[in-house]
Amino acid sequence: MSLFSGIFKYVWPQMQKYSSVFYTILILFVIRMTFGAILSPFYFKKIIDVVSNTTTNHFVVSHTLYKLAFILIGFGLVSIIAARIGRFMYSAFEIYVIRDLRNFAFEKLERNSQTFFSNTFAGGLVTKSRRFAASFETMFDIFIYSFLRFFIVLTGVFIILINQSPLISVIFFGWIIIHIVIVSFFVNKKIKYDLLEAEQDSKISGRLADVFSNILAVKLFSAHKSEIASFSKYTEEGAKRSKKAWFFGGKIDMMQGIFIFIIQSIILLIMINLWLKNEISTGTLVLIQSYMIIIFDQLWELGGSLTK
């Protein structure tokens, strides 16, 4: 958390310059997800309930189905319009903020003393400056498409499911909380490996840039072999650090897969049992399964974004 807050205090002032665009993006994204991922499956559930009820008059059925169909079409249009407008604003917002972050990084670096530049690899500074500006795109994408999307879907699904099947809702969301706590614990352990990998990656890029910027001296003093040997040590250390970080991330993915498989199997058996007892309708069964697929997909994306 301290690492994130340390980065955020430099990024947020640049984002605040376009605060109106930022909040509009959030509102449009909430609209898009609410109509597209929450309400649409719920109304498909109503269609299934109408179709599966064979005792209803045919005229009433057709009238209800057309009404529900037009509602779904309206939801789709709202979702598409919100998505398209939001996408253009999203792209413009990221472009301008990244531009400002590049200027900010250059201004801060340029203020350092001559001694600082004499004792620091120029290539390393270039790499760190580029990574600082480019990291905003990754961070903002994770915030919108992982954290915010997951929160919207989770909230909407909980509100609907608690009224459809309180038992499944409690089991499902209780498991999600446990899942997030356990995954977050292991993600915090992985951060140290990610930092070591990023540190070595900067050293490799910096070393490469410094060699190229002094290539005349390398050629003049026939330092070809020694430079290759020196650079190989950097890449070898980078490979070791990447292996630790990537393999640890693979273990987290495996653990997530096992958790998701277990809860999906348990809820499926509970749903069948409730349906056989006529405690939930056919549409509700399909709705819960649809929501589970959406939640599991978002949960997997969230876990993957935390390990980046």
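**Salt bridges and exposure in a predicted model**

Modeller: This is a predicted model. In it, Asp-194 and Lys-190 form a salt bridge, with their closest N and O atoms 2.6 Å apart.

Colleague: Why is the contact between Asp-194 and Lys-190 called a salt bridge?

Modeller: The cut-off is a Lys or Arg side-chain nitrogen within 4 Å of an Asp or Glu carboxyl oxygen. The N and O atoms here are 2.6 Å apart, so the pair qualifies. Both residues sit in helix 6 (residues 166-213), 4 residues apart, or about one helical turn.

Colleague: What makes Asp-194 and Lys-190 count as buried?

Modeller: Buried means under 20% relative accessible area. Asp-194 has 16%. Lys-190 has 4%. Both values are under the cut-off, so both residues are buried.

Colleague: Is Glu-237 buried, partly exposed or exposed?

Modeller: Partly exposed, because its 30% lies between the 20% and 50% limits. Its salt-bridge partner is Arg-241, at 2.9 Å, N to O. Arg-241 is buried, at 17%.

Colleague: What does the salt bridge between Asp-100 and Lys-17 tie together?

Modeller: Their side chains meet at 3.8 Å, N to O. Asp-100 lies in helix 3, and Lys-17 in the loop between helix 1 (2-16) and helix 2 (19-52), so the pair ties together parts 83 residues apart in sequence.

Colleague: How do you know that Lys-17 is exposed?

Modeller: Exposed means over 50%. Lys-17 has 53%, so it passes. Asp-100 has 9%, so it is buried.

Notes
Residues are numbered from 1 along each chain as its sequence is written. This is a predicted model: local features need pLDDT of at least 70, side-chain atom pairs count only at pLDDT 80 or more; totals for chains, interfaces and linings use all residues. Side-chain values use heavy atoms; hydrogens and water are left out. Helices (H or I, at least four residues) and strands (E, at least two) are DSSP runs, numbered from the N terminus. Buried means under 20% relative accessible area, exposed over 50%, partly exposed in between (1.4 Å probe, protein chains only).
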